[in-house]
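Visitor: I am new to this structure and would like to learn how to read it step by step. Could you show me where to begin?

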Amino acid sequence: MMIASPAQVASSAPATQPQLPCRAGISLKSPHYQQILDASPAVGFFEVHAENYLVAGGPFHHYLGLIRERYPLSIHGVGLSIGANQPLDREHLERLATLLERYQPQAFSEHLAWSSHGEVFLNDLLPLAYDAATLARVCAHIDQVQSRLQCQLLLENPATYVEFSNSSMDEATFIGEVVRRTGCGLLLDVNNAYVSSVNHHWDVQAYLRALPLHAVGEIHLAGFAEDRDAAGDRLLIDNHGAPVDAAVWRLYAEVLQLIGATPTLLERDNAIPPLDLLVQEAQRAQTLLDAARPTRRQAWA
Amino acid sequence: MNSQQEFAVALLDPERDCPAQLTTWNGSDPAARFAVYRNNVLSSLIDALAASFPVLQQLVGEAFFRAMAAVYVRHSPPRTRILADYGADFPAFIEGFAPAGSLPYLADVARLELLRIRAYHAADAAPLNPDALAMALAAPERLGALLLRLQPALGLLESAFAVVSLWAAHQGALALAEVDPDQAQCALVLRNGLEVEVLGIHPGDAHFIQALQQGLPLGRAAEGACALDDGFDLGTSLTYLLRAGAITDCAYDKQRPLP
């Protein structure tokens, strides 16, 4: 496969990175704030969507501040629109910088996707054609983000429902090249890898092995919904509204075999269950993490 | 038209063809898969509105609310990436939405819910230091010239409808059947600690608070309120604002807050 690019490897990521603990964490949801403070559940970290906290004040900041004093934090952006065919929104980037400055998270991540066009925010993670022009644009945007935020960005592999006839490389190759050029890390969403592999009839094992696994800084696990496409074939929808599927648990165990223990988020954004159920799901991941060998990073430490 | 523009336009317009260049591994019609994106965009934005306007949804029912919100989303998709800010012109849209014409109070209920969302996320501001108030009260002859600053969360709504009662009925505070929607009401929305409060106030109170917000001194704000409303009681208004922590600063001169 041809990649039209110079061998540019000047990384925009700072050399040293704060790290999430190699444990299982959960999404922080507002209905659970008080219970978390009261019960201090045994989870390794919390993750929030950056855009929910780009408000001036009030209970969201009050509770996030208190929870941040007790737990490591991952800030996960859903609105930067890194893949958009237009300049990054500088104002949004500045607001993110202020948020990161305030909460000093152990990780910041965003998506290989676009979500804005012109002024309009579409509130979904939309798919990209994997070609040289997109690669150059995504890398330039990630350079801009890492330079401004002064931290390594973890880029999440997407869940997609369509592919593009004008793509000139496969997704794993594209992501590998982005990581090589920008020095960003990979947020490996195992559910997304499974969903996309089913939806596009990819060999998920080959897909995973083609990714830059050395750069994985965090793993996401989530649930999907199941539908059928126009030919009656399985079409999985990444809805973050269900427990993790058995097939994704199996794939997660295989990923841990490949890369060792890695900070893992149980991601839930819809049909939010009681806190205890999220914590139980995280404990299942924690059991697998405890059985996994340490990562190279830990082994060196 | 670049491919993302084509994609974005088709997401919001169900009449448009699915964008060119989409492929599927099995040769199936990509339109069925593109429909997943269409549905994600529309339903997630309707969900965001449903979260911000719960009483509105209860008043019209979920099916009507979602149908109305879908028209609004396609007409006015967010121009912000912060969904808490989405829907600022939803009340104005509702006012012109013919199928909701039989419920003329809906737009003002939406305005009240918008004030509640704004109050919830507004900048934090510590209540007035009691020492500053004590200093001001020690000089009663100067009280009329006192400037009071109110918290950023505070909002007012003067409505031709019973917005406060309609809202309260949906919190279980009173029976909906007892509410006469055509009774004019004024609402005061503020944040007391972490809780957003909605209070029905008299027109004189609303006039008084609005005057303070505009930076008028206490004396002139109270005079204006008395002229408008015989029943205006300065003590009651001030006590409520103080108890709720809604007054954040006081000064005789805007440049030099007390103490």
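Guide: Let us begin with one pair of residues: A:Phe164 has B:Leu22, in strand 1 of chain B, as its bridge partner. This is a predicted model, in which local features need pLDDT of at least 70 and side-chain atom pairs count only at pLDDT 80 or more, while totals for chains, interfaces and linings use all residues. Residues are numbered from 1 along each chain as its sequence is written, and chains are lettered from A and ligands numbered from 1 in the order in which they are written.

Visitor: In which sense do strand 8 of chain A and strand 1 of chain B pair?

Guide: Two strands pair if DSSP finds at least two bridges between them, and strands (E, at least two residues) and helices (H or I, at least four) are DSSP runs numbered from the N terminus. Here strand 8 of chain A and strand 1 (residues 22–23) of chain B are antiparallel, over 2 bridges.

Visitor: Which residues of helix 3 of chain A are buried?

Guide: A residue is buried if 20 or more other C-beta atoms, placed from the backbone, lie within 10 Å of its own, exposed if 12 or fewer, and partly exposed in between. In helix 3 of chain A, the buried residues are A:His92, A:Leu96 and A:Leu99. They lie on the same side of helix 3 of chain A because they cover an arc of only 60° around the axis, the arc being that of the directions from the helix axis to the C-beta atoms. On the other side of this helix, A:Arg90, A:Glu91, A:Glu94, A:Thr98 and A:Glu101 are exposed.
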